[in-house]
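Open the model in your viewer and keep the selection panel at hand. The stops below go from charged pairs to strands, then to a helix and the core.

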Amino acid sequence: MIVYRVEPWSAALADMRPLWAAHFHEVAADQARVPLDMDLAAYAALEAAGALHVVTMRDGDRLAGYLVAMVWPHLHHRSTLHAFFDLYYVRPADRRWTAGLRLFREAERTLAARGVRRLITGTKIHAAPCGRLLDVGRIFQRLGWVEMERQFGKWIG
């Protein structure tokens, strides 16, 4: 049975780390130019500052998925607590029924309980190396999210 819960970053880290390579290889663009290189010291500092929110999805002791958000006021709206989703991933074998939706709903519920008023996230729009489209915008729309802006990137070096 899948259980969703909030856990400290430091408690979930050992179980998340083995999933990062699969997560990266599945969704990251320009993998040869931008290697996976997690800044664990920065995450630890965010945890120490109380700015990380981690929701895990577990099947017994096995980690099936995770969502990591950074929580703080927006620089333009300091009186409004925001959550910026940094990482979200569900193991391919566990992507059935509404598992991912439930992960996002639990994040919304627990972030609201922390006083967060606005959630911000993105979705990849390119195709995965396997050819599958990565855009999960329909999931966010199903949850009542609205598209707010588009981002652009450019290599300059």
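How many salt bridges does the count come to? The count comes to eight salt bridges, in a model that is predicted.

**Charged pairs**

Select Glu26 and Arg95 to begin. Their side chains form a salt bridge, with the closest N and O atoms 2.7 Å apart. Glu26 sits in helix H1 (residues 9–27) and Arg95 in the loop between S4 and H3, so the pair ties together parts that are 69 residues apart in sequence. Glu26 counts as buried because its relative accessibility is 15%, and buried means under 20%. Arg95, at 38% relative accessibility, counts as partly exposed.

Next select Arg5 and Glu7. This salt bridge has its closest N and O atoms 3.2 Å apart.

Then select Arg62 and Asp59, whose side chains meet in a salt bridge at 3.4 Å, N to O. Arg62 is partly exposed, with a relative accessible area of 33%, and Asp59 is also partly exposed, at 27% relative accessibility.

Switch to a cartoon view and select S3 (62–74) and S4 (77–90). The two strands run antiparallel and are joined by 10 bridges. A hairpin connects S3 to S4 through two residues. To find one of the bridges, pick Gly65 and look across to Val90, its bridge partner in S4.

S4 and S5 run parallel, joined by three bridges. For His82, the bridge partner in S5 is Arg118. Follow the chain from S4 through H3 to S5: this β-α-β crossover is right-handed.

**Helix H3**

Select residues 99–113, which make up helix H3. H3 has 15 residues and reaches 21 Å from its first C-alpha to its last, close to the 21 Å expected at 1.5 Å a residue. Which residues of H3 are buried? They are Ala99, Leu101, Leu103, Phe104, Glu106, Ala107, Thr110 and Leu111. Just after H3, pick Gly115, which takes a positive phi of about 100°.

**The cores**

In soluble globular proteins, nonpolar side chains tend to be buried together. Here the largest nonpolar core has 21 residues. Select Met57, Leu67, Ala83, Phe85, Leu103 and Leu111, the residues with the most contacts inside this core. The elements that give two or more residues to the core are S1 (2–7), S2 (52–59), S3, S4 and H3. H3 gives the largest share, six residues.

Centre on Met57 and show its neighbours. Leaving aside residues up to four places away in sequence, Met57 touches residues including Ile2, Val3, Tyr4, Val90, Ala99 and Leu103. Arg62, from the salt bridge with Asp59, is also among the residues that Met57 touches.

For the last stop, select Ala12, Leu63, Leu87 and Tyr89. They are included in a second, separate core of 16 residues.

Notes: Residues numbered from 1 in each chain as written. Predicted model: local features only at pLDDT ≥ 70, side-chain atom pairs only at ≥ 80, totals over all residues. Heavy atoms only, no water. Core = buried A, V, L, I, M, F, W, Y, C linked by side-chain atoms within 4.5 Å. Buried < 20%, exposed > 50% of the residue type's maximum accessible area, 1.4 Å probe, protein only. Helix = DSSP H or I, 4+ residues; strand = E, 2+ residues; numbered from the N terminus. Contact = heavy atoms within 4.5 Å. Expected span 1.5 Å × (residues − 1). Salt bridge = Lys/Arg side-chain N within 4 Å of Asp/Glu carboxyl O. Pairing = 2+ DSSP bridges. Right-handed = clockwise from strand over helix to strand, strands pointing away.
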